[in-house]
Amino acid sequence: MRVSVTVNGQNYVRDVEPRLLLVHFLRDELRLTGTHWGCDTSNCGVCVVQLDGVPVKSCTVLAVMADGHEVTTVEGLEKDGALDPVQEGFVQCHGLQCGFCTPGMLMTARWLLDRNPDPDEGEIREAISGQLCRCTGYENIVRSVRWAAEKEASV
Amino acid sequence: MQVPASFEFERAESVPHALELLERYGPEARLVAGGHSLIPMMKLRLAQPDALIDINGLAELSQLGVEGDTLVIGALVRHAALLADDAVGAYFPIFHEAERVIADPVVRNRGTVGGSLCQADPSEDLSAAFAAVRADAVIVGPGGSRTVPIREFHVGPYETVVEPGEILTELRVRIKPGAGSAYEKVERRVGDWPVAAVGAYLRTNEGMIVEAGLGLTAVGAEHFAAPDAEAYLIGKAAGEDVLREAARIAAASCAPQADQRGPVDYKRHLAGELTYRALSRAAERSRA
């Protein structure tokens, strides 16, 4: 089945089986391996991407369901060589250890700050509550998102 | 790697088109919206439909608002949209309190109200909330539309009255003065299915209960309801002793099963305690 999906602003047309999951479409068809593939059961959240600007677990979305829609992956956060403030926050506050959950955390963090530029700790924890950090580095993830919020407030 | 078995994929352009596709593909076709129950089941081959009919594009199923004295919730309304809606929160806090503890924010962006009800999981939260407020389900099929009281919607675990050629299109809930509602859930961790959960809806007039709705989930309550406890409440003042007695009746009338979430006596205890707490808060709100 032919699908046309805009990913990070670029249009891709591919022939795919209807059963192909969005996460595998991104990783295997488009070679955008920044989106990670974890539990396969919509629990862990490492596969979170934005579909029409809203974070979704891409292991539980079919690629054909994204036909005609816009997807943003972690590769789309950087703009003109400059890291997004949430990426910068993770660097500054040691928001990642092994890095496996990071792409999903970043995509949800970006969405949170777009809707709520000044989230408190509870709101950040709520936003990422469907995503697991296997290093249990939640404290620093929360600090990283706060760092990004403050950075964005200061410019 | 979990991969569903092969299937045909069709995108519905309208409700009549979806009905036509359901007829063309027959009883082994399934509608897909959020897909957060169906796709995991397909990966595990617990479900193996011949065809999926994608209804995500049907804006006519996404309506959410008040029509006269009725709250109308389209089947395609996402959990996140129900949770974000101010009118829903003002008239039926039970829905906001239930939604806040359904799955997690990212899953709620995708999963739908109609999908949750049609999945008919015996531990599903909204089934209890809609049972408590006695919603009506609107179902369309080749012969037109029909309205089914939500307490007749679920036939059993994973089974509803929606026939293979039909579509659940919306839920309708009457808005009445003097009503209050609340939802109480105990879960093992964020986003989990409930160990037990209870929704309560009370309408009072000068302190007397004139209408009572109780929805219980994950505890084996038939049609997610507790009719004996509801009948007991009618005509009484919503004081602590009365609500405790109703909670006792509700707990006695359900039939929880032991599993990894807990033994029978614990779940029954929760059913009673959560019924009491939900009723207390619903009563308080009905007086506000």
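**Sheet of chain A.** I looked up the sheet in chain A of this predicted model. Five strands form an open, mixed sheet in the order β2-β1-β5-β3-β4. Strands here are DSSP runs (E, at least two residues), and helices are runs of H or I with at least four, numbered from the N terminus. Two strands pair if DSSP finds at least two bridges between them. β2 (10-15) and β4 (54-57) of chain A stand at the edges with a single partner strand each, so one side of each has no neighbour in the sheet.

**One pairing.** I checked β3 (48-51) and β5 (70-72) of chain A, which run antiparallel and are joined by two bridges. A:Gln50 has A:Thr72 as its bridge partner in β5(A).

**Chain B against chain A.** I then turned to the interface. Buried area is the accessible area (1.4 Å probe) lost on being put together, summed over both parts. In chain B, B:Phe9, B:Val106 and B:Arg110 lose the most area to chain A, together 23% of what that side buries.

**Salt bridges.** I found four across this interface (a side-chain nitrogen of Lys or Arg within 4 Å of a carboxyl oxygen of Asp or Glu). One of them joins B:Arg108 and A:Glu126, at 3.0 Å from N to O.

**Ground rules.** Residues are numbered from 1 along each chain, and chains are lettered from A in the order written. Local features need pLDDT of at least 70, side-chain atom pairs 80 or more, while totals for interfaces use all residues, and side-chain values use heavy atoms, without hydrogens and water.

Note on methods
Buried area = accessible area lost by both parts, 1.4 Å probe.
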